[in-house]
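Grab a pencil and have a go at these exercises. Try each task yourself before you read the worked solution.

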Amino acid sequence: MNVDDVRRLLLGTFVRPPEETGGAPRVEAVFGYAVSHRDGLVLLDTGIGAADEETEAWYRPRRIALEAALKEHGWTLDDVSLVVNCHLHFDHCGGNPLFSGRPIVAQRREVATARAGGYTFENLVDFPGVSYEELDGEAELLPGVHCIPTPGHVEGHQSVVVECNDGSLVLAGQSHDTASAWSADALAARARELGHGDPLPSYPEWVTKLLAFDPRRVVFAHDAAVWTPS
Ligand SMILES: [Zn+2]
C-alpha cells in the first residue's frame, strides 16, 4: 500500500454560523478516509448523522451517503472490516449504525463522554449490535496502522497514522480544523532545532509524536488542504 492508495471520501458539508466563526458563515466539508490495508478496509469516520431540529437549523448539513462515497472507489459497506472514529461528535460518527456487528475503534474516554449525554446523538453511539474496541491511549490496530491520542478539540480525540511502502500518512481527523493550524504547531515543535530561542509558542506534546513518523502528508476531517513537509 502506498500513500496514494489511502482515499479521501467527501461525506457532506455544513455551514458554520457566524456565532462560531466570529465573522461570516463558513461552508465546511466533512471528510472520511479509507485505507485499503492487506488485512481489510479501514474506515476513519462515517459521516454526518441525523441530528435534532435545532442542530439541523444551526449547521444546515448536506449529507453524502457513505455507500455512495465508497462506491466511487469501487467499495461497498460490506468491504469495511474496521471502523475508527477520531471522536464521536455527530459529524464524525453519523454512519456508525451501518456497522452493527463490526468493530468500531474509539478512545475509551471518548465513548464514556459520548454516553454521559449532552455531547452527541446517543442513537449514533449506541445501537443494536454495536461493538466498540475501546482504546486506552496508543495502539497498533493492524500492522502499520496506529491510533495516537490527540486531545484538544475534545479530550478523547485520536488520529490515525498509516505506514505505507513509500512513507507515512497522518489522518489527523479534527486534531486541527485546518492544515495551516497544524502547520503552525509543526513549526513550533521544530522551532529550537531551527535555531529559535524563547519566547516560543506552545504546542500539544503529541505533535512531536506524529512528526516522529516523518509523515509525507497530513490530512484533515474538515479541510481539503493537505500538509506536506518542507
Ligand atoms: Zn467535526
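**Exercise 1. A residue in a loop**

Is aspartate 214 buried or exposed?

*Solution.* Start with the ground rules: this is a predicted model, where local features need pLDDT of at least 70 and side-chain atom pairs count only at pLDDT 80 or more, while totals for chains, interfaces and linings use all residues. Residues are numbered from 1 along each chain as its sequence is written, and side-chain values use heavy atoms, with hydrogens and water left out.

Next, the cut-offs: buried means under 20% relative accessible area, exposed means over 50%, and partly exposed is in between (1.4 Å probe, protein chains only). Aspartate 214 has a relative accessible area of 55%, so it is exposed. Now find its place: aspartate 214 sits in the loop between α7 and β12. Helices here are DSSP runs of H or I with at least four residues, strands are runs of E with at least two, and both are numbered from the N terminus.

**Exercise 2. The whole chain**

Describe the overall build of the chain.

*Solution.* Step one, count the elements: the chain has seven helices and 12 strands.

Step two, check the radius of gyration, which is taken over C-alpha atoms; the globule rule is 2.2 Å times the number of residues to the power 0.38. For 230 residues a compact globule would come out near 17 Å, and the chain has 17 Å, so the two agree. The C-alpha trace spans about 55 × 45 × 35 Å along its principal axes.

Step three, look at burial and contacts. Of the 230 residues, 50% are buried. A contact means heavy atoms within 4.5 Å. Take the contacts between residues at least 6 apart in sequence: 62% of them join residues at least 24 apart.

**Exercise 3. Salt bridges**

How many salt bridges does the rule give, and which parts of the chain does the pair of aspartate 4 and arginine 217 link?

*Solution.* First the idea: side chains of opposite charge can pair when their charged atoms come close. The rule asks for a side-chain nitrogen of Lys or Arg within 4 Å of a carboxyl oxygen of Asp or Glu. The count comes to 13 salt bridges.

Now take aspartate 4 and arginine 217, whose closest N and O atoms are 2.9 Å apart in their salt bridge. This pair links distant parts of the chain, 213 residues apart: aspartate 4 is in the segment before β1 (6-16), and arginine 217 is in strand β12 (residues 215-220). Aspartate 4 is partly exposed at 48% relative accessibility, and arginine 217 is partly exposed too, at 24%.

Then try arginine 16 and glutamate 20: their salt bridge has its closest N and O atoms 2.5 Å apart. Arginine 16 is buried at 14%, whereas glutamate 20 is partly exposed at 33%.

Last, aspartate 126 and arginine 115 form a salt bridge with the closest N and O atoms 2.8 Å apart. Aspartate 126 lies in the loop between α5 (122-125) and β7 (131-135) and arginine 115 in helix α4 (residues 108-115), so the pair ties together parts 11 residues apart in sequence. Salt bridges that share partners join Arg108, Arg115, Asp126, Glu134 and Asp136 into one network.

**Exercise 4. Around a histidine**

Which residues does histidine 37 touch, leaving out those up to four places away in sequence?

*Solution.* With a relative accessible area of 7%, histidine 37 is buried. Now list the partners: histidine 37 touches Met1, Val42, Leu142, Pro143 and Val145, not counting residues up to four places away in sequence.
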